[in-house]
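I opened this notebook to record what I looked up, one topic per entry.

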Amino acid sequence: MTVNGFLSHNRTVLYTAMALLAVALCLLLIMLVAGLKPVYLWTDLLIYLLLVIAMLFAAYASQHEHLRSPWLRVRHSRLGMMSVVILLAYVAIGLLDSVHFRPPAAHQERSTATTYTGEVLTILDVLLQPISSRVERTYSAPFATHAYTKETIERPDGTQVRDFPRLEFGGAHLGTQGEGAARDIAVNVVIAVLAALVIWAVHAYVIVLVLAGKHKTMVRDQVRAVAGGRTELPWREIMLTVFLVILAVTLTVQLGAKYHIFGTDKVGQDVYFQALKSIRTGLVIGTLTTLIMLPFAVLFGIMAGYFRGWIDDVIQYVYTTLNSIPGILLIAAAVLLLQVYMERNADAFNTTLERNDLKLLFLCMILGITSWTGLCRMLRGESLKLREMDYITAATAMGVRHMVIITRHILPNVMHIVLIAIVLDFSGLVLAEAVLSYVGIGVDPAMNSWGNMINQARFEMARDPMVWWSLLAAFIFMFILVLAANLFSDAVRDAFDPRLRARS
Amino acid sequence: MIAYIIRRILYAIPILIGVNLITFALFFIVNSPDDMARMHLGMKRVTDEAIVKWKQDHGYDRPLVYNGDQPGLSKVTDTIFFQNSVRLFVFDFGVADNGRDIGFDISQRMWPSLAIALPTFLTGLLVYITFALLMAFFRATYIDVWGVILCVMLMSVSGLFYIIGGQYLISKMLHLVPISGYDDGVHAFKFLVLPVLIGIVGGVGGSSRWYRTIFLEEIGKDFVRTARAKGLRETTVLFRHVLKNGMIPILTGVVVAIPLLFIGSLITESFFGIPGLGSYTIDAIGSQDFAIVRSMVFLGSVLYIIGLILTDISYTLVDPRIRLQ
């Protein structure tokens, strides 16, 4: 295939890649101009790498019919496309949270070089500035204007009363007693819904215009087709989900700055902000684990199935041995040992952020070690079948080298299994993070993660009255992500599994 | 058959040796006993004498694999590898950091774990199969569609939520059963109901959906069509033909989990305060008692391998088509 052919086949992919590159360059430029110092964490770099790999794979898949047609089928699945929109929203937040930098210190000495604050921020932090910086003293319920516990307050006239103190930021624009909060919230919700409707309408109109132009139909007919669900892609469902996402954003903008949507935790941090920050941790665990284990699983699985003999025996032995250790115990053992190691080499890490980041990466590796065996076994079985195929026999007879046979004939034919495994593993890993953090062998307690939120909340369950919002926020955020991932993986599996296709 | 079982058992030995070597490498080579001692005594300002004493108290003062100072066979036996790792093969687990015998603790704590895990497993299997069969019976109707959607939603909820939510709703709001705790004998019942219930609810999504696919696969096969052509009723077809054949993959799939029931569930037991092996492990992880974690890793592997052997045997028992090679 010529370069021109490649380009014409991959125009969409190419454009997306260029757009991403442009965004990255712009970000770097903005940082330079604003005097920000970028900080590269290991997981950040791996996330960027993952992005590049995803682009390359998309380019590869768009050229190969056996990969392209299932994806086209995925696009026609209603639930699948709805979950894609949700997943993209999560990924966007995760990516915004993966660009770390140090802002310059406020007071600079003229003569010396620029100094930077010790604090490392992400784009998400900056975007959520009004939410993240509003720290109360302690617990407060969602949308509260007063704290959750009584304190002794000194009145202006000198007397002391025990009462719920007024929050510093929650509903601060209201009067001193926070009167009219319910009305204010209702007004803001209405404003947010209206704003979302307007923004959404503009988007929807543009999409309909493009569709009408593509199909050469009247705009009015196209609107009817979309509303009636008669379009080729499930645009009605996609637009509905997009509206929900936009609504979530406008609600955040309208209410997040004025109230604590999900209340505050023990040290007064906004719970909604924590839940948003936790998205990155969840995504990192769900994706990087697979990225790390994938090369091993694919290499060993194919080698075992293709070469058979003693190589097969050795690889089977290794994965049976690893598999026979209960996963959670192996993780526990490894993380315990990591803690010892990190405390011994405490000097090797510059900041706690870097240390926590490496810990997260190590957790991904350990999870990868415990989870690669399933995929490896499947790939071995598939390669065993494939190596008996006539075209492989022909290739062997013609003296094609083993490596070439593997990369050219076997790898492309097991690609769908790899893909299904990646998507299927994701939701399980996100849920596993919460359990591991609860056991105390997950991510660092100082890191934002849903597991840590739940873990802290379990002590608050015993309080009377109960503090339930941290728990609820973590569960809601997790549930939406995992549900979307499950529905998406169903769509992918249905599209790729030939057996299911033949039946329906 | 006997020869086959013996061969399977012999095949398990190298795997157990592998597990043993991995745990040895993890616990003694990656982190030396010195590190462990330093960690337990506090990281900063630990004197060498204190470390030596700690190692002596816990029996970690021997060389790793080869002891040149000892005569004869003791060169090999008087080492950490032999004393702390090889002995696991005869289930001699040694003592925990608090001086208790690990083997004794395990034999005591096994039963509460089993008291939760076994009812959960059996009742769960019954519930999941019933639900899956129901969906298969009403396939391609709204019952089936909504059943699957319900399954996916149940699957997407974190297991922690079921436990916390269940504890809150049933114990705190309705006061039906105590929140947590354990008692011997018949009195254990009221403590066991909630964890068993939650265990079943937590697994219903994934398992039912999986079993449904298995049943649907069987329904698509030729012998089902023949049965229908004979004029059998749909219920007869479902129970006599589909259920029976569908049980083969289901049973062989769950057999591997049976020995592991002894280990119990880490999360459930720690939430409900059940003095089983799961909470034992959690406490050991919390207090960084490496001896217990090491023992549990080995025990878990042994039980898993027993499960694998049982799976192979059950294949040959329920499915005569599989020839023993």
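Which residues have side chains that meet in a salt bridge at 2.4 Å, N to O? I found B:Arg8 and B:Asp312; a salt bridge here is a side-chain nitrogen of Lys or Arg within 4 Å of a carboxyl oxygen of Asp or Glu.

Basis of the entries. I am reading a predicted model, in which local features need pLDDT of at least 70, side-chain atom pairs count only at pLDDT 80 or more, and totals for chains, interfaces and linings use all residues. Residues are numbered from 1 along each chain as its sequence is written, chains are lettered from A and ligands numbered from 1 in the order in which they are written, and side-chain values use heavy atoms, with hydrogens and water left out.

Domains of chain B. I noted domain 1 (2–90) and domain 2 (102–324), with bounds from an automatic or database domain assignment. Their centres, taken over C-alpha atoms, are 35 Å apart. I recorded contact (heavy atoms within 4.5 Å) between 19 residues of domain 1 and 18 residues of domain 2. The buried area, meaning the accessible area (1.4 Å probe) that two parts lose on being put together, summed over both, is about 1,800 Å² between these domains, and carbon and sulfur atoms give 78% of it. The rule finds one salt bridge across this domain interface.

Interface of chains B and A. I recorded 42 residues from chain B and 43 residues from chain A in the contact. The two chains bury about 4,100 Å² between them, 74% of it from carbon and sulfur atoms. One salt bridge is found across this interface. B:Arg209 forms a salt bridge with A:Asp490, and their closest N and O atoms are 2.7 Å apart. On the side of chain B that touches chain A, H14(B) gives the largest share, nine residues; helices are DSSP runs (H or I, at least four residues) and strands likewise (E, at least two), numbered from the N terminus.

Sheet in chain A. I found an open sheet of three strands in the order E1-E2-E3, with antiparallel pairing; two strands pair if DSSP finds at least two bridges between them. The edge strands are E1 (37–39) and E3 (121–122), each pairing on one side only. Strand E2 (residues 100–102) of chain A pairs with E3(A) over two bridges. I noted A:Leu121 in E3(A) as the bridge partner of A:Phe101.
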